[in-house]
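Please open the structure in your viewer and keep the selection tool at hand.

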Amino acid sequence: MMMRKASAALIFATLLLAACGRPAPDASDKAVDAANPLEVAARERGIVHSGAPEPTGVFERAHDLGRDAMCVVLDGAGQWRFALTAAYGPGLSCRARGEATRDGDNWRLHFADAPGCEAVVHEEEDELRLPGSLPAACATLCPQHASLAGLRLPRASWSEADARDLRIIDGQGNIDRPCGG
């Protein structure tokens, strides 16, 4: 029994020492082959990040009270348009549309249906984060004391096609594709 433990310890020590002698991975081993057909298909489908520093795509999460979702599509040079919805239970949700522009490393959302309502948002760890407080002008975006303040939306896709196809229920219960077309 003692011999087996000693043999096992000796084998483990030998393997550990052998691993220490390995050279560090070459930087080329970590590089992604952008021309690889699987990589190209994954980028086109929005499964992996394209490397472009822009908000285009879908941000979405489902929870017990419903679904929060946002689509963002390019709408001219350096400008995007967006639509979002945030659910707070049956019959209680916020809906907003507007434009997004670059603001340093962040994005500035200009809400179309609430003059004077703007928010600087940032994407951190593939999650879009709205600030914890919004200007008073933003209060009209949500009913009954609900708010978009502090909303966090995980990125679901980097694909413009997915963003254009995202379906959101409008105020009358109709299914809408606000970023389509």
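Predicted model: local features only at pLDDT ≥ 70, side-chain atom pairs only at ≥ 80, totals over all residues.

Eight of them close into a barrel, in the order β1-β2-β3-β4-β5-β6-β7-β8, with antiparallel pairing. On average, and with direction ignored, neighbouring strands of this sheet are turned by 30° against each other.

Next, select β3 and β4. These two strands run antiparallel and are joined by nine bridges.

Now turn to the nonpolar side chains. The largest nonpolar core has 27 residues. Select Met 70, Phe 82, Leu 84, Phe 111, Leu 141 and Leu 148, which are the residues with the most contacts inside this core. At least two core residues are supplied by each of β2 (66-74), β3 (79-87), β4 (93-103), β5 (106-111) and β6 (118-123). The largest share, four residues, comes from β3. In soluble globular proteins, nonpolar side chains tend to be buried together.

Centre the view on Met 70. Which residues does Met 70 touch, not counting those up to four places away in sequence? They are Gly 57, Val 58, Phe 59, Phe 82, Ala 83, Leu 84, Leu 109, Leu 128, Leu 153 and Leu 166. Then colour a second, separate core of nine residues, which includes Ala 69, Cys 71, Ile 168 and Cys 179.

The following stop is Leu 151, located in the loop between β7 (127-129) and β8 (152-157). Is Leu 151 buried or exposed? Its relative accessible area is 5%, under the 20% limit, and Leu 151 is therefore buried. With residues up to four places away in sequence left out, Leu 151 touches Arg 61, Asp 68, Leu 84, Ala 86, Leu 128, Arg 129 and Leu 130.

Finally, select Glu 127, which is found in strand β7. Glu 127 counts as buried because its relative accessibility of 16% is under 20%. Show the side chain of Arg 129 as well; a polar contact of 2.8 Å joins it to the side chain of Glu 127. Beyond its neighbours within four places in sequence, Glu 127 is in contact with His 122, Arg 152, Leu 153, Pro 154 and Arg 155.

Key: Residues numbered from 1 in each chain as written. Heavy atoms only, no water. Core = buried A, V, L, I, M, F, W, Y, C linked by side-chain atoms within 4.5 Å. Buried < 20%, exposed > 50% of the residue type's maximum accessible area, 1.4 Å probe, protein only. Contact = heavy atoms within 4.5 Å. Pairing = 2+ DSSP bridges. Axes fitted to C-alpha atoms, helices over the stretch in contact; angles between N-to-C directions. Polar contact = N/O pair within 3.5 Å; in protein donor to acceptor, adjacent residues only side chain to side chain.
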